[in-house]
Every structure is written in structure tokens, then in C-alpha cells.
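Please look over the sequence and the fold below before reading on. The paragraphs that follow lead through a helix packing, a pocket and an aromatic pair.

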Amino acid sequence: MAINKPRGTEDLIGVDALTWQYMKDVADSLFVTYGFAPIEVPTFEQTDVFVHGLGTSTDVVRKEMFTALSPDAFAKVSTGGASELKAAQHLSLRPEGTAGVVRASIEHGLVAQGGQPLKVWYAGPMFRAERPQKGRLRQFHQIGVECLGAEDPATDAEVIIMFMRFIEQLGIARDSVRLIINSMGDQACRPAYRDSVSAYMYEHFDELCDECRVRADTNPLRAFDCKNDRCREVMDAAPRISDALCDDCRAHYGQVKAYLDAQGIAYEEDPRLVRGLDYYTRTVFEVQVIDGLGAQNAIGGGGRYDRLVEVSGGRPTPGIGFACGFERLVLAMQACGAELPTPVCPDVFVSVAEPECASKAFSITQELRDNGFVVEADRQGRSLKGQFKLADKLGAAKVVIVGPDELAQGKVKLRDMGSHEEELVDCDALVDRLCELLGCDCGCDCEGEEGCCCGHGHGDGAGDGTKG
Ligand code: HAM
């Protein structure tokens, strides 16, 4: 029986797997310059972590969470005993990363009172039971950051700028995306604003779709995201948060914009940007691809969540972060012709001319790898001609030919795969010769002299395990 992957999931194979790794590498080297360190939290949590964190009326919590049950819990549920499950037995696959990081920060006391903010980034799979379509999966991958403990608007600007730099470093052209920002207010001004939107929706109740009629009561701001054309028209004329911000929120938002302006970061303000999760307060932002991604055009988004830690059982602690979707970033990279990583070609292919040379060839292969070269060899019993063909197919720059006559003199043949020229090289001098020929990638200009800064002692044969 052929078993296929579950609907809405993707296998990351070849270029996709390389691109995922590449994106994490870009994130790692960029985010550290802003003081962010990696964190890993579980892919499943107690369901309450998400319910309290994201909000009971959000689509994610209401309709999109995958439940994870232990065999015991499953047995109970399947025999009608779901109500007997303890809170700790209600588990869900994470639909996003923020709630889990906040849970971990509380559990381990990671934000000391009066201490440095916690600045962390993560990369991994997230799970949402949505209807799959282009750019919308049930298992997708996010790269996200969270900063807990800083309320200063400079933090908001830094996080947004870091996000924009990340996109630029992936080769996504700045003019192919738009950065949208808004302030959603706080506890002081949002409740009254929410009520005014709800009242407005009740005035237009007959014009709204069924779902927005429910939202008018449960979560009126979500109606700004409704895809129904009539609801959109109605909500276009709804009260604007920009007219309802309290003085503190207005000042905070004004300073975020001033920092962005000073750094030349172009943005559009959209008072209808509300984001899909309930934890947001004040600054929210989203980066959308202008063309080519269809309905799922948000490659990432985030915002401030100054009450989430408290709501989740911790001390009042402000927070801000963002997450971007790997699969949508790849679509955006493809749409604007950004370069995707390609497989690494071997520097050297070690071939065996006669079977009795196999063991020496094996040692040479290891020695070259220990010196940092990317080395391949045949493990399927090909003829010498077949080995050359394979080396060519793999794109190897050089082939070492290990033959009995040369070995008798303590030498091997070294063949250039471009010119097909061959030279005899002492086995002991092979590493140095390859260093000379293939160059050292450490960026210095020593041209293979002894004592190179890369650590390989060009000329003395005493490598430290790296060619550059
Ligand atoms: P989010 O907007 O729900 O925010 O998701 C962030 C990004 O994940 C989206 O912009 C999109 O690129 C990607 N994404 C979401 N759902 C899917 C899906 N079903 N298929 C493919 N990609 C998807 C959050 O998750 C927040 N935790 C972000 C955040 C961090 N806010 C503060 N800190």
C-alpha cells in the first residue's frame, strides 16, 4: 500500500531542505547582531497555553488546533471519558511560537525583574488545521523572534527593522513587499474602541456575513479581516483605531514611526490591520508581498503583546516579536528571482584504479575530509571510467586517482576535471597541493603560504581540520 504524506504537509527535499537550512543560517547570523539567542520549545504544549494566550475567539483556537493525545488519554476519549481528562492531558500541537516561548519564560523565570530583556529566536514547524492552498499548509515552518521585558518604542522599531533586513538578506526585493503598521491601543483605550466597533456592526447587522454577526459580539475587530466583499465595504466605514488611541498609545506609536523614519524604513499605515491573534497590544505590523502570492500574501507579521505574560500567569512583562512563514518566503524569493541555495559540489573525488588500492584511497578520503575538503568517493564498485563520470556528474573540481604504480612511489595522480591535466603528487603533500590549487576560503591573501590565519599550516601539512 502506497502511503502518502498527510494533506497540507510538505516534505522538504533537495533545494527546499537546503533553503530551510540557509534561512536559519541567515537568521542566526543576523539576529545575533541584535542580541537575540536561539531557543527551542516543545512542538506541543498543554492546550491551555494556546487557549489563554491566543484567545478563545480566535480562528486558530476555535477551529485550527490539532489535538495531541497520549495513548491513555486517547483510550479515555474514545470511550466517552473526555471529561475525565486532567488539564495536563489536553495537549495541542503548537499553532505558533509566541505562547510557548512565553510559557517557558515564566516557567524558568527568564525575565528577571529589572534585568535585561529576554531576546530569543526560534525556527520550526507549526500546525494549523486550515484548508490547504498555495502558501497555506497544515504543517508549515516559521522563523520567529520574541523580546520580553522592554516597552521602549525603540524595541518595536528595532524588531521591525531586523525583520526588514532579514527579508532583504534573503534577496527579496524591497519594492516587491509592503510593510504595514498600526497601533491597536492598550487596556486604556481598546475596550472603548472595541465597543464602538461592535455598536457600529450592530447598526449594519443585516449587511454582515453570518460569521461577522457572531464577531460583532465576541471579537468585533476580527471583522476587519473578513474576506466577504460586503463586510469589507461595511468595515471600511467603521470607526478607526487611529481616532481612538489614548495619549500614551499615540505617543508610543508616534515614536515607533519616528525611529522608522529616521532609518529610512518605508511603511504604510493601515488602521484596519488587527492581526489574527488576541494577544496584541499597541504596535502591530505585517509584511505583504505585492504580487505573486495571491490571497496568502503575508510573509510575516507580529507586534507587541504587553499583557500576554500576565494573562499566562507571569508578572506583568511587556513583549514584542514577529514570525515569518518559510513556505511563503520561498514563494516570495522565487517571485522576485532571488537566488536559492544549490547543493555543495565536492572539491575532490577520490577514485580507485585497482581494488587493492581501496584501503589507501579510504585513508586519503578521510585525511582530506579532516582537512576541511568536501570529498566524495564511489561506494558502488564502478570502473575507473565510471568513477570519472560520477565525479563529473557531481561537479567535483579535482579527482585523486589512487593507483598501484603511483602508490609504489608514495604518490597519487591528481586530475583537474576542467582541463583534464594530470600531475603526480606525493601522498604526504596532497593536502597542501589541494590547498594551493583550490585556494583557501578564509578571505586572507596569503596565497597558500605557511601559517595562514585559517589555521591550515599551508606547506607544513599540519592542518587543524579546516582548509579555510
Ligand atoms: P501569524 O501572522 O499567525 O503570526 O503567522 C506568521 C506567519 O506565519 C504568517 O505571516 C505566514 O507567513 C505564516 N503562516 C501562518 N499560517 C500559515 C499557514 N497555515 N501556512 C503557511 N504559512 C503560514 C504568528 O504566528 C505570531 N506568533 C507572530 C508573532 C510573534 N507575534 C509576536 N511574536
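Contact here means heavy atoms within 4.5 Å, and helices (H or I, at least four residues) and strands (E, at least two) are DSSP runs numbered from the N terminus. The model is predicted, so local features need pLDDT of at least 70 and side-chain atom pairs count only at pLDDT 80 or more, while totals for chains, interfaces and linings use all residues. Residues are numbered from 1 along each chain as its sequence is written, and side-chain values use heavy atoms, with hydrogens and water left out.

In α7, Arg 194, Ser 198, Met 201 and Tyr 202 meet Cys 212, Arg 215, Ala 216, Asp 217 and Thr 218 of α8. By class, this contact has four nonpolar, two polar and three charged residues, where Ala, Val, Leu, Ile, Met, Phe, Trp, Tyr, Cys and Pro count as nonpolar, Asp, Glu, Lys and Arg as charged, and the others, Gly among them, as polar.

Helix α7 also takes part in the second largest pocket, giving the most to its lining with three residues. A pocket is, on a 1 Å grid over the protein atoms alone, an open set of points where a 1.4 Å probe fits, with protein on both sides within 12 Å along at least five of seven lines, and lining residues have an atom within 4 Å of a point. The lining of the second largest pocket divides into ten nonpolar, eight polar and seven charged residues.

Elsewhere, rings of Phe, Tyr and Trp (its six-membered ring) pair if their centres lie within 6.5 Å, with planes under 30 degrees apart counted as stacked, over 60 as edge-to-face and the rest as tilted. By this rule there are nine aromatic pairs. Among them, Phe 31 and Phe 322 are edge-to-face, 6.3 Å centre to centre with 85 degrees between the planes. Because Phe 31 lies in helix α1 and Phe 322 in strand β11, this pair ties together parts that are 291 residues apart in sequence.
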